[in-house]
Amino acid sequence: MDLDFAGGAPPPDAGYAPAPPRARASQYATAAEALRTVYGYDAFRGDQAAIVNQVIDGGDAIVLMPTGGGKSVTYQVPALVRPGTGLIVSPLIALMHDQVDALRANGVQAAYLNSTQSASERSAVERAYVAGELDLIYVAPERLSSPATRALLQRGSLSVIAIDEAHCVAQWGHDFRPDYLALGDLAEVFPGVPRMALTATATRATHQEITERLSLGDARHFVSSFDRPNIQYRIDAKAEPRRQLVDFIRSQPEGSAGIVYALSRKAVEQTAEALAKQGIDALPYHAGLPAEVRQRNQSRFLREDGVVMVATIAFGMGIDKPDVRFVAHIDLPKSVEGYYQETGRAGRDGEPSVVWMAYGLGDVVQQRRLIDQGDGDRAHKMRQQRHLDAMLALCETVQCRRQNLLGYFGEQSAPCGNCDTCLTPPETWDGLVAAQKLLSTIVRLKRERNQAFGAGHLIDILRGASTDRIRQYRHDELSTYGLGADLSDADWRSVVRQLLARGILVATGEYGTLALGDPAAAVLRGDAPVPLRRDVLGRTGGGSGRAKKASAAADLPDDARELFEELRVWRAGVAREQGVPAYIVFGDATLRALAEHRPSSAAELDGISGIGAKKKDAYGEAVLEVIARG
Ligand code: ADP
Ligand code: ZN
């Protein structure tokens with residue numbers, strides 16, 4: 001104990017002997033005290049209090065909570081209240097850095113162990129851990145599977161083990177990380193330490209895999225609603241994707257940060273370049289770029305206002321930026337889980353945000369082909385196929401997007417009033433005859449000539465086009481030639497896309513030639529209705545989010561908004577000086593509260609959410625000055 005030194009002279013061999021292991025002392029008597037003093041929040045939200053109590057009492061917990069729901073607090077507070085150091089397993093280095101920066105800004109003793117550190121930095125952290133000086137230590141899963149790291153951790157004392165992004169343990173999931181499988185035996189290695197698994201991925205299958213593979217059979221389960229009411233969902237038919245994307249971005253409030261997801265590296269680079277030419281501050285990000293370019297672009301995205309990141313899905317997991325105002329997809333995601341997670345990166349701070357996707361026939365054909373030609377056994381392909389089918393059903397639904405999305409995660413809900421189909425209900429039309437024309441053309445070509453073609457040529461036949469290919473194959477002699485001239489090329493592509501989405505058509509082979517799926521027979525007989533969604537093009541600019549004001553403050557009275565902008569300028573200066581993202585200094589919600597309530601004394605700052613003891617010390621005076629001037 002510290003009393004050993006109270007008498008004056010240190011022990012004779014001080015500085016040579018290894019520090020004796022000791023548990024980090026408990027920093028706060030109660031969870032509420034930690035929440036108020038460290039974070040400056042007056043109350044827990046939703047399930048937070050129940051989760052924190054379960055873990056403080058020594059129990060295990062599985063936490064399913066959407067992005068922005070407030071998961072971090074649920075493991076950080078138990079780590080501060082229980083004696084010992086909290087071990088956080090986190091898959092991404094960027095995430096660790098952000099979290100540790102944010103914790104330190106709140107006066108918490110947090111550190112990480114990862115490959116970006118020099119040997120001496122690492123051993124300083126290790127020494128601090130063994131000496132019981134750390135509240136929290138963040139470690140990557142691959143490091144945790146090494147015997148040396150485990151031996152180190154056993155030399156100190158753990159208060160809680162939290163496995164973040166726990167869905168990475170799900171073998172068929174979109175973020176599978178083999179190192180997560182090795183986390184199953186932590187219960188044996190660290191007996192008596194409560195364990196938590198946390199994720200924003202909500203499917204039943206993933207939930208079950210987490211429970212089993214992480215040996216959390218005795219854990220209490222905390223499943224929050226997965227609704228993100230501040231996110232508006234929009235999905236448009238793809239016509240001219242580039243122009244649609246530019247229109248969408250321009251329709252967003254000025255200075256909005258956003259992410260644009262594309263499937264390939266090439267698409268990422270071309271799109272970023274095209275946006276930059278349009279005067280949009282866009283940067284590319286994919287795994288093929290040199291590390292320093294990736295690093296630079298990511299840090300600009302995190303630190304500056306209004307940068308648009310064009311990226312493959314390699315970007316985003318572990319990006320904690322709370323004020324991403326929009327997410328756009330210009331290619332179809334492979335699953336609803338992936339889509340939900342990628343779009344979930346918008347609006348973590350709870351402020352209004354929009355997610356938009358452009359989706360077309362080519363996407364369906366391409367995704368089906370990728371599955372066909374991909375690796376893996378039949379069962380694996382069937383699983384991928386089911387994922388894609390659910391994604392397509394979301395794209396083609398004539399009902400509320402959010403209802404469909406939440407329904408996929410097993411949650412019932414009413415129409416939301418904040419998605420494109422709620423805001424502008426789509427028209428439907430009877431597509432039976434059109435479908436029959438198309439299907440019978442395919443049947444005839446197969447039966448009479450043993451031929452198969454892709455969508456483009458089939459549409460040419462139906463529209464009675466006169467192309468070289470039509471003449472070469474004498475397809476103008478077919479009985480369905482010209483029978484579909486009443487529909488435009490775009491209409492036909494929409495028909496093909498929707499029939500593919502429902503499995504009435506299937507695309508096969510390298511060229512995406514079309515064949516009949518199982519439900520086609522009933523359609524040809526006229527036994528199955530074919531209601532189709534009428535595509536509406538060029539809607540991206542519409543909707544309710546047009547205000548050209550910094551959105552976090554758009555609804556404040558004029559003088560409060562001016563003060564908000566002044567505080568933002570002050571915050572940008574501090575962030576630059578300290579080399580941290582602006583939100584580490586204060587989040588938008590805190591600036592908003594300051595602008596609204598105009599505290600005029602240190603005591604009044606206590607009432608503002610997001611200002612804990614450390615930040616009050618560090619910035620209180622400066623903030624009061626900005627307010628007094630404003
Ligand atoms: P998640 O990890 O679940 O995505 P975070 O832990 O990043 O969510 O929290 C999301 C946002 O909500 C953060 O800005 C955080 O500061 C804020 N927050 C979390 N808990 C509370 C609370 N009890 N009161 C006020 N704000 C909170
Ligand atoms: Zn809706």
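A residue is counted as buried when its relative accessible area is under 20%, as exposed when that area is over 50%, and as partly exposed in between. The structure described here is a predicted model. By this criterion E165 is buried, because its relative accessibility is 14%. E165 belongs to the loop that runs between β5 (158–163) and α8 (186–189), and its phi angle is near 50 degrees, a positive value in a residue other than glycine. Most residues other than glycine have a negative phi. S215 is located in the loop between α9 (204–213) and β7 (220–223). With a relative accessible area of 36%, S215 is partly exposed, whereas E165 is buried.

The surroundings of ligand 1 were examined next. The shell around ligand 1 consists of 14 residues, and the closest are Y41, G68, K71, S72 and R348. By class, this shell contains 5 nonpolar, 6 polar and 3 charged residues. Helix α3 (residues 71–81) makes the greatest contribution to the shell, with 3 residues.

The zinc ion (ligand 2) is coordinated through the SG atoms of C400, C416, C419 and C422, at 2.3 to 2.4 Å. The angles among the 4 donor atoms span 101 to 119 degrees, and the site is tetrahedral. Along the chain, the donors follow the spacing C-x15-C-x2-C-x2-C. C419 is buried, because its relative accessible area is 0%. C416, by contrast, is partly exposed, as its relative accessibility is 26%.

Further buried positions were identified elsewhere in the chain. R150 is part of helix α7 (residues 147–155) and counts as buried because its relative accessibility is 12%. A polar atom of the R150 side chain lies 3.3 Å from the backbone oxygen of A182. D323 occupies the loop between β11 (308–311) and β12 (324–329). At 13% relative accessibility, D323 is therefore also classed as buried. The side chain of D323 forms a polar contact of 3.2 Å with the side chain of K321.

P141 lies in helix α6 (residues 141–144). The relative accessibility of P141 is 0%, so this proline is buried. P141 and S90 are 51 residues apart along the chain, yet their C-alpha atoms are separated by 6.7 Å.

Methods. Residues are numbered from 1 along each chain as its sequence is written. Chains are lettered from A and ligands numbered from 1 in the order in which they are written. This is a predicted model: local features need pLDDT of at least 70, side-chain atom pairs count only at pLDDT 80 or more; totals for chains, interfaces and linings use all residues. Side-chain values use heavy atoms; hydrogens and water are left out. A residue is near a molecule or strand if one of its heavy atoms lies within 4 Å of it. Helices (H or I, at least four residues) and strands (E, at least two) are DSSP runs, numbered from the N terminus. Ala, Val, Leu, Ile, Met, Phe, Trp, Tyr, Cys and Pro count as nonpolar, Asp, Glu, Lys and Arg as charged, and the others, Gly among them, as polar. Donors are N, O and S atoms within 2.8 Å of the metal (3.2 Å for Na, K and Ca); water is not among the atoms, so sites may look incomplete. Four donors count as tetrahedral if all angles lie between 85 and 135 degrees; four count as square planar and six as octahedral if opposite donors are over 155 degrees apart and all others between 65 and 115; anything else is irregular. Buried means under 20% relative accessible area, exposed over 50%, partly exposed in between (1.4 Å probe, protein chains only). A polar contact is a pair of N or O atoms within 3.5 Å; within protein, one must be able to donate a hydrogen and the other to accept it, and residues adjacent in sequence count only if both atoms are side-chain atoms.
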